[in-house]
Amino acid sequence: MRTSDFTYDLPADRIAQQPAEPRDSSRLLVLDREAGALAHRQFHDLPDLLRQGDLLVLNVTRVLPARVHAVKSNGGGKAEILLVRRTGPRTWEALVGGRRIVPGTRLQLRDDSWADVIEDLGGPRRTVVFDRPITPRLHEVGEAPLPPYIHSQVIDPRRYQTVYGRVDGSVAAPTAGLHFTPHLMARLNQAGVALTEITLHIGLDTFAPVEAGDPEQHTIHSEWCQVSDEAVEAIRATREKGGRVIAVGTTCVRALESAAEAHGEVGPFEGPTRLFILPGYRFRALDGLITNFHLPRSTLLMLVSAFAGRERILAAYQAALEAGYRFYSFGDAMLIL
């Protein structure tokens, strides 16, 4: 298995720059992973494609306004702090942009608070310490970061949040969930499809391509997740009644399979996970997956290939390209059953 096995050609104009309006008007490519058959639908058709007794697992994380603009306090130029991971009450690992941002640099924020750069972690990564906790003030001094391949401005920042998110903590959205609307969720409920919640806070490394020739040599990023007793009970009850457990997004897959790895089957779990799912992995937690179309050479493309088969996934991606589907965070979706 080579990283080059998980690549494909994508014209730049197929990368969605704006979300569909309304959310559930996006297209939905349905893949039967046993037969390899494909069907072209709309996302609002989802209640017709699932069965009474099925269970959807949703990631209720919300995107932090983690991009903070600043200036060097010595009268220098502009800087940008992109918060990645909190390591203490006032201390964060961050990506810091600007010229000569070295340890000892003080950065002034727009509310006159400040942050000191205290450690160079290599590349743009720095450890920064704020004069006071930044999290309560992020909605005043920060803005939501967008993926590096989104070049247009999103007018309404709520469009990079799911309608059901409620736990702040991610620096990227669980994009498979962006297609849901309150009306669609009500229709799912009327169709007898149950919903349960997990939390996984997404880090920036989710966008990083695998550079190693052998994907098993890639260092997977760590993300914090929680699978509650209530979610475990919902999964158990669904399985007992013959229903299917369907993850909404690869983040839910990672959380559920991390919980299954810890117990042998899905059980309560809370903490960091470094689970890297590659073809050959034996899934314990799910029967289906809703997901967007992922970056070439990415860990997420490898994950969906593990679930449905690399050749089937790459064939589905080619069919999506030929049919005019939109790709990546604001693009269209797949339902894999």
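1. A nonpolar core here means a set of buried Ala, Val, Leu, Ile, Met, Phe, Trp, Tyr and Cys residues joined through side-chain atoms within 4.5 Å. Buried stands for under 20% relative accessible area. The model is predicted.

2. With that in hand, the largest nonpolar core has 66 residues. The members that touch the most others are Ile 198, Val 227, Ile 313, Tyr 317, Phe 327 and Met 334. Helix α6 (residues 299-308) supplies the largest share of this core, seven residues.

3. Leaving aside residues up to four places away in sequence, Val 227 touches Ile 198, Val 232, Ala 255, Leu 256, Ala 259, Val 266, Gly 267, Pro 268 and Phe 269.

4. The sheet comes next. Nine strands form an open sheet with mixed pairing, in the order β2-β1-β18-β17-β15-β3-β13-β14-β16. At its edges are β2 (38-42) and β16 (269-273), each of which pairs on one side only. From one strand to the next the twist averages 25°.

5. Which strands does β18 pair with, and in what direction? Strand β17 (residues 288-292) is joined to β18 (residues 333-336) by four bridges, and the two run antiparallel. In this pairing Asn 292 is opposite Ala 333, and Thr 291 is opposite Met 334. Four bridges also join β1 to β18, but these strands run parallel. There, Leu 31 stands opposite Ile 336.

6. Are the faces of β18 covered or open? Both are covered. Ala 333 and Leu 335 are buried on one side, and Met 334 and Ile 336 are buried on the other. Met 334 is also one of the core residues listed in point 2.

7. Helix α5 (residues 250-263) lies across β3 (55-59), β13 (194-200), β14 (223-227), β15 (245-248), β16 and β17, and runs at about 80° to β13. Helix α7 (residues 310-322) packs on the sheet and touches β1 (27-31), β2, β17 and β18. The direction of α7 makes about 140° with that of β18.

8. Last, the largest pocket. Its volume is about 770 Å³, and 28 residues line it. Nearest its centre lie Val 84, Arg 85, Arg 86, Ser 222 and Glu 223. The elements giving two or more residues to the lining are β6 (78-86), β7 (91-97), β12 (167-170) and β14.

How values were computed: Residues are numbered from 1 along each chain as its sequence is written. This is a predicted model: local features need pLDDT of at least 70, side-chain atom pairs count only at pLDDT 80 or more; totals for chains, interfaces and linings use all residues. Side-chain values use heavy atoms; hydrogens and water are left out. Two strands pair if DSSP finds at least two bridges between them. Axes are lines fitted to C-alpha atoms, for helices over the stretch in contact, and angles run from 0 to 180 degrees between N-to-C directions. Contact means heavy atoms within 4.5 Å. Buried means under 20% relative accessible area, exposed over 50%, partly exposed in between (1.4 Å probe, protein chains only). On a 1 Å grid over the protein atoms alone, a cavity is a set of points where a 1.4 Å probe fits but cannot get out, and a pocket is an open set with protein on both sides within 12 Å along at least five of seven lines; lining residues have an atom within 4 Å of a point. Grid points are joined across faces, edges and corners, and a volume is the space filled by probe spheres set on the points.
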